[in-house]
Amino acid sequence: MRKCLWLVVLCLAAALAVSPAMAAKQEPIKIGFNIPLTGDIPKVGEGSKFAAEMLKEKIDKEGGLKVGNKTYPVEFIYEDNESKAESATAAAIKLITQDMVLGIIGPQASKQAIPAGEINNSYKTPMISAWSTNPQTTKDRPYVFRACFLDPFQGPVAADFVTEQFHAKKAAVLYDIASDYPKGLAEYFKAAFEKLHGPGSVVAFETFTTKDRDFSAQLTKIVKSGADVLFTPQYYDEVPLIVKQAHELGWKKPIMGSDSWGSAELMNLCGNDCKGLFFSTHYAAAGAKGATKEFIDAYQKKYGYVPDDVAALTWDATRLMLKAIQNTGGLTGNVEKDREAIRNQLANIKDFDGITGKMSFDYAKNGGDPSKCAVVVKINDKGEFEFFKSVCPH
Amino acid sequence: MDIQSFFQNVINAFQWGSFYALIALGYTLVYGVLLLINFAHGDIFMVGAYIGFFVATFLLGTYAIHLPFHMPHLVIFVATLVITMILTAGVGVTLERVAYRPLRRKGAGRLYIVITALMAGLILENGNLALLGASRKAFPELIHDTVYKVAGVTFTNNWILVVLATLAVFLFLETIVRKTKIGMAMRAISFDRMAVPLMGIPIDTVIVFTFILGSSMAALAGVLFASAYPVLEPYMGAMIGWKAFIAAVVGGIGEIRGAFVGGFLLGFIEIFVAAVFPSTFRDLISFGILLVFLSFKPTGIFGVARAQKI
């Protein structure tokens, strides 16, 4: 009996001795993930989850996340939004009110990110959408951020790139006037290029309408205009036709595109004609260097395929959130106060070194949109999209 | 527009107009014989392009099985053309058998057959979509593109092929319709469908022959189109089919010369409108011109007014 009592006392003493250290670790930092694990785009959800799991493993290996002078374990909570707007808002509410997360990554697609952003904003919980490019997502929402650039940004990027790389003084544009994305981008490119080279330096600004197959009249004008470069922000099923016809009409100068080119289908449809051309995008897997390459290699080793842009952007978005948490200098334990502090740090992160490029936030100037560099990809002789250059805004 | 651009656009218009002409020929043949507007014809053109894709990739050995031998690309191209024309003619004849002939036998009015043709076209489009999915197909490059430059005007070997093929088809059809017995039978049916069988002419044979001619021309257009614009999609035939039909009407539907001239006319108007105006106005202006033309000469360029019995 006495022996038994001694044992109990010993046990209690041991527990007491260990518990102060335990207590610090028992309060993990919780981050929510509002991602489409099922529904129309399950591949997007899978890539996001895989990237997050990889990051968590890395943090666990380092023993946790150091905030101020304490080290916390991290806990990632994945909620499936089924790629639906209403499920995305429900997932956001659950993560905020039940799981009491400090911040949320996702939703990824604009269709879910716009309504979920409204929820996050009204509950004053920081959110970073990794992939949503629609301006509405972050507009007038101080708690909502994103990790990718917006569509309009690619216009200036392309204008800068062709000026530097090809010393272009005159440019031609060919775009589909009946489609929002190409039309917007063509206009942004024109404005940026004419700002650099003076009005009238876009010598041909030619249009067509969706489903057109023959562009010979427009391309004849473009070839004759004496432009140094052709910019065509079209989708991957039109690009092969435009490029082929341009070459047939004697165009030998560079052709530049936008991230809509970046589909694996492009090279199946285009073949040799597209080799040697350039386009701007979020991230390039082939020819990546440094941290980006490490990420790609680790991901490929673990999951067996090359990560796409969503995975890379999710990795960056999650690290941004953790960086903001670290920048607070210490957590109070009061979720509402901590969320506020994280949001304030997020709004002013400078020179964050992401694998998809360097990012800075300046809430007063740009709202929740980062100022970050775009990647210019060259289609190499093997038909791979190879990293060529990183182009940053001024 | 300087003189060089002008000639370049003439070259462009010849290629674009060739496709309208080739497809319009199919509309006009069937109309000439049956007085039926075969609205499925644009989709037969699409089917032709897809059959051409499968035949070409099969012969190249990149699809389904690897053939034990290699053929030169030119041989593959010719074989693709011939096989595609035969198979597509089969599709056209099947369509006539399944969709049009039963209605004709039952004595249904022409309106019902036209509606059936519209439905058949939609079935072909969506059947393709269901069977092969929405992803685009890339037509293999069978004839290596060579670009010729003469006095600042460029054209390709493919261009020469397209224009020559269109001219050859035109001469071939004119000869058949004007100089042969079966051509005479075709014209006779168009003239009086009731009297012709009484002369001992097998009317169904003539109709089948007409569909074979029309569909194989659509297949030819499909393969040539796919070589010039190598991205295939299930709806590629819809718009170009409607426009080719309009070209046939402007030329005078039922007249082979009319389809030929109408196709090139539409090609020229479209290219030159796009060359001078923003191309957004292309369809607006080009069809505006055609509308005005038709309001002065409703039977088209070569058309002859005939008394309609309804």
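Helix H2(B) crosses H4(B) in the left-handed sense, where a crossing is left-handed if the near helix is turned anticlockwise from the far one by less than a right angle, and right-handed if clockwise. The axes of H2(B) and H4(B), the latter spanning residues 110-132 of chain B, come within 8 Å and cross at roughly 30°; such axes are lines fitted to C-alpha atoms, for helices over the stretch in contact, and angles run from 0 to 180 degrees between N-to-C directions. H2(B) and H4(B) are therefore roughly parallel to each other, since angles under 35 degrees count as roughly parallel, over 145 as roughly antiparallel, 65 to 115 as roughly perpendicular and the rest as oblique. H2(B) contributes Gly42(B), Asp43(B), Met46(B), Val47(B) and Tyr50(B) to the contact, and H4(B) contributes Gly121(B), Leu124(B), Glu125(B) and Asn128(B), with two residues being in contact if their C-beta atoms, placed from the backbone, lie within 7 Å. By class, this contact holds four nonpolar, three polar and two charged residues; Ala, Val, Leu, Ile, Met, Phe, Trp, Tyr, Cys and Pro count as nonpolar, Asp, Glu, Lys and Arg as charged, and the others, Gly among them, as polar.

The model is predicted, so local features need pLDDT of at least 70 and side-chain atom pairs count only at pLDDT 80 or more, while totals for chains, interfaces and linings use all residues. Residues are numbered from 1 along each chain as its sequence is written, and chains are lettered from A and ligands numbered from 1 in the order in which they are written.

In chain A, H5(A) (residues 154-166) and H6(A) (residues 180-197) have axes that come within 7 Å and cross at roughly 45°, and these two helices are therefore oblique to each other. H5(A) passes H6(A) in a right-handed crossing. Among the residues that make this contact are Ala158(A) and Ala159(A) of H5(A) and Phe189(A) and Ala192(A) of H6(A), and the contact divides into ten nonpolar, three polar and no charged residues.

| Helix pair | Axes come within | Crossing angle |
|---|---|---|
| H2(B) and H4(B) | 8 Å | roughly 30° |
| H5(A) and H6(A) | 7 Å | roughly 45° |

Chain B as a whole has ten helices and four strands, where helices (H or I, at least four residues) and strands (E, at least two) are DSSP runs, numbered from the N terminus. The radius of gyration of chain B is 20 Å, close to the 19 Å that the globule rule gives for 310 residues, so chain B is as compact as a globular protein of that length; the radius is taken over C-alpha atoms, and the rule is 2.2 Å times the number of residues to the power 0.38.

The contact between the chains takes 24 residues from chain B and 24 residues from chain A. On the chain B side, the largest share, five residues, comes from H1(B).

Most residues other than glycine have a negative phi, and most peptide bonds are trans. Leu35(B), not a glycine, has a positive phi of about 55° and is placed in the loop between H1 and H2 of chain B. Gly106(A) and Pro107(A) are joined by a cis peptide bond with omega about 0°, and Pro107(A) is in the loop between strand E5 (103-105) and helix H4 (110-122) of chain A.
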